[in-house]
Amino acid sequence: MEIRPLSDHVVVKPISEEKTVAGIVLPDTAKDKLQRAEVMAVGSGRLLENGTRAALEVKVGDVILFQSEAGQKVRIDDADYLLLREGDIVAQLAAASVVA
């Protein structure tokens, strides 16, 4: 099944496992309130008063930071995703900042 978000919504896949430089995996309770996720799909943008759409600032493949309590959980084809509004996204990480 494919999901296509509407308007200013974004579908993200949380990046749940984080490691320190030494390779120690941090549990969810040790993380701060900002969480990482990869953008999987984006909507068409917010509808403006003049009838045009404001394009989203993120695109598929971007890694973003968002507040851990933001968004709605959704399960598609045995995978967990979050549905966020663009306004829930705090930052976009540069490619050099992304650690696998």
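**View 1. Lys73 sits out in the open, with a relative accessible area of 77%.** That makes Lys73 exposed (over 50% relative accessible area; buried is under 20% and partly exposed in between, with a 1.4 Å probe and protein chains only). This is a predicted model, where local features need pLDDT of at least 70 and side-chain atom pairs count only at pLDDT 80 or more, while totals for chains, interfaces and linings use all residues. Numbering runs from 1 along each chain as its sequence is written, and side-chain values use heavy atoms, leaving out hydrogens and water. Lys73 belongs to strand 8 (residues 72–76); strands here are DSSP runs (E, at least two residues), numbered from the N terminus. Leaving aside neighbours within four places in sequence, Lys73 is in contact with Tyr81 and Leu82 (contact means heavy atoms within 4.5 Å). Its C-alpha atom is separated by 9.9 Å from that of Lys13, 60 residues apart along the chain.

**View 2. Strand 8 and strand 9 make a hairpin with two residues between them.** They pair in the antiparallel sense over five bridges (pairing takes at least two DSSP bridges between two strands). Lys73 stands opposite Leu82 in strand 9. In the turn, look for Asp77, with its positive phi of about 50°.

**View 3. Six strands line up as an open sheet in the order 8-9-1-4-7-10, with antiparallel pairing.** Strand 8 and strand 10 (89–93) each have a single partner strand, so one side of each lacks a neighbour in the sheet. From one strand to the next, the twist averages 45° (axes are lines fitted to C-alpha atoms, and angles run from 0 to 180 degrees between N-to-C directions). Strand 1 and strand 9 pair in the antiparallel sense over four bridges: Val11 has Leu83 as its bridge partner, and His9 stands opposite Arg85.

**View 4. Twelve residues make up the largest nonpolar core.** Among them are Val10, Val39, Leu56, Phe66 and Leu84 (a nonpolar core is a set of buried Ala, Val, Leu, Ile, Met, Phe, Trp, Tyr and Cys residues joined through side-chain atoms within 4.5 Å). Strands 1, 4, 7 and 9 each supply at least two residues of this core. A second, separate core of five residues includes Val11, Ile76, Ala79 and Tyr81.

**View 5. Confidence has its highest element mean in strand 1, at 95.** Strand 2 (residues 18–19) has the lowest, at 57 (pLDDT is the predictor's confidence in each residue, from 0 to 100). For the protein chain, the mean pLDDT is 84, and 77% of residues reach 70 or more.
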